[in-house]
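I set out to record what can be looked up about the packing and the charged pairs of this structure. The entries follow the order in which I consulted the model.

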Amino acid sequence: MLVVMQEGASEAQIQGVIDRLVGAGFSVHRSTGVLHTVLGGVGPVEQFDPADFEVMDGVKESHRIVSPYKIASRHFKPGGTIIKIGAVEIGGPHVVTMAGPCSVEDEDQMERAASIAAEAGAQIIRGGAFKPRSSPYSFQGLGEQGLRIMRQAADRHGLYVISEVMDQTQIPLLVEYSDILQIGARNMQNFNLLRKLGEIRKPVLLKRGIAATIEELLLSAEYILSGGNYEVILCERGIRTFETATRNTMDISAIPVLKRLTHLPVVADPSHGTGKRDFVIPMARASVAAGADGLLVEVHHDPDHAASDGAQTLRPEQFRDMMTQVRAIAQAIGRSA
């Protein structure tokens, strides 16, 4: 259920409602907005009357949440969530760009990638140190050495870092070196990993599974949110369909649907969404026009010789063109990029 406190409700009144919710068997999640504090209660399945809470001091209204995802629901935080990482805000009026190679290869490559990203206007550098590959013989990443290389390159160019975590044992390393932890499509329903990420206090970017519905994506986010980590970013990266012209089918319609259903920021990954370099920029444009809060894009100084996913990776000049184009689109819909 959801309890919306009145504007200016005192801490004593808020705590009184929390105590009553806890006493009724609910676990309570608090969201403090500019005007109102919202208390989300997740708990007993037996009948209860929201009107019992509406008569309490300081309460504006109380509602039963019928969707299976409670904290991820737009009702929990109608104004939307803005995730702050230093000076960067994800979910606000500015469309954030996360760019870099699929995987960290060496110091020279990451130095070039960081320079390309920063000069074109990206705020965050991406790169995999642990790579989940379909083939066990493909490049699997450099591990901690790769994280260290990426962190140093990012710091030299004033960028933040996002990198993928594949299992629970890697969380401490990723927390040390990264500003955002990424959950890949294959791990979207790795519920033990999601629970552990609910215990940390760093942003998590959650990618949609290759055959996942929007509701399944939101329920996976709920695992992280219910653990107390409210800094979750959703990522549309294409789903697997019968179509073979592209690596995946980029579901642009998922972006406005998610923006209506959830308060969480939504970013798009047109690189994985299409799997082909020529289609990345059109899908990036479409994603921003559809309301995406950010882009996750692969760029490499020499993608034809990249260790992984070169076919979907932009060349530096293509990335610069993409940034110019998405800025114009963002401006047209009242945003910046």
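Predicted model: local features only at pLDDT ≥ 70, side-chain atom pairs only at ≥ 80, totals over all residues.

I then listed the contacts of Ile125, leaving aside residues up to four places away in sequence; among them are Ala99, Met110, Met150, Leu159 and Ile162.

Entry on helix H7. I noted that H7 covers residues 214-226 and has 13 residues. The helix reaches 18 Å from its first C-alpha to its last, close to the expected 18 Å. Its buried residues include Ile214, Leu217, Leu218, Ala221 and Leu225. I asked what covers the buried residues of H7. The cover includes strands E2, E11 and E12 as well as helices H6 and H8. Just after H7, I found Gly228 with a positive phi of about 110°.

Entry on salt bridges. My search of the whole structure returned 17 salt bridges. I examined Asp269 and Lys207, whose closest N and O atoms are 2.6 Å apart. This pair links distant parts of the chain: Asp269 lies in the loop between strand E13 and helix H9, and Lys207 in strand E11, 62 residues apart. Both Asp269 and Lys207 are buried.

I next looked up Arg277 and Asp304, a salt bridge with closest N and O atoms 3.3 Å apart. Arg277 counts as buried because its relative accessibility is 11%, and buried means under 20%. Finally, I recorded a network of salt bridges that links Arg151, Asp155 and Asp179.

Terms used
Residues numbered from 1 in each chain as written. Heavy atoms only, no water. Contact = heavy atoms within 4.5 Å. Helix = DSSP H or I, 4+ residues; strand = E, 2+ residues; numbered from the N terminus. Expected span 1.5 Å × (residues − 1). Buried < 20%, exposed > 50% of the residue type's maximum accessible area, 1.4 Å probe, protein only. Salt bridge = Lys/Arg side-chain N within 4 Å of Asp/Glu carboxyl O.
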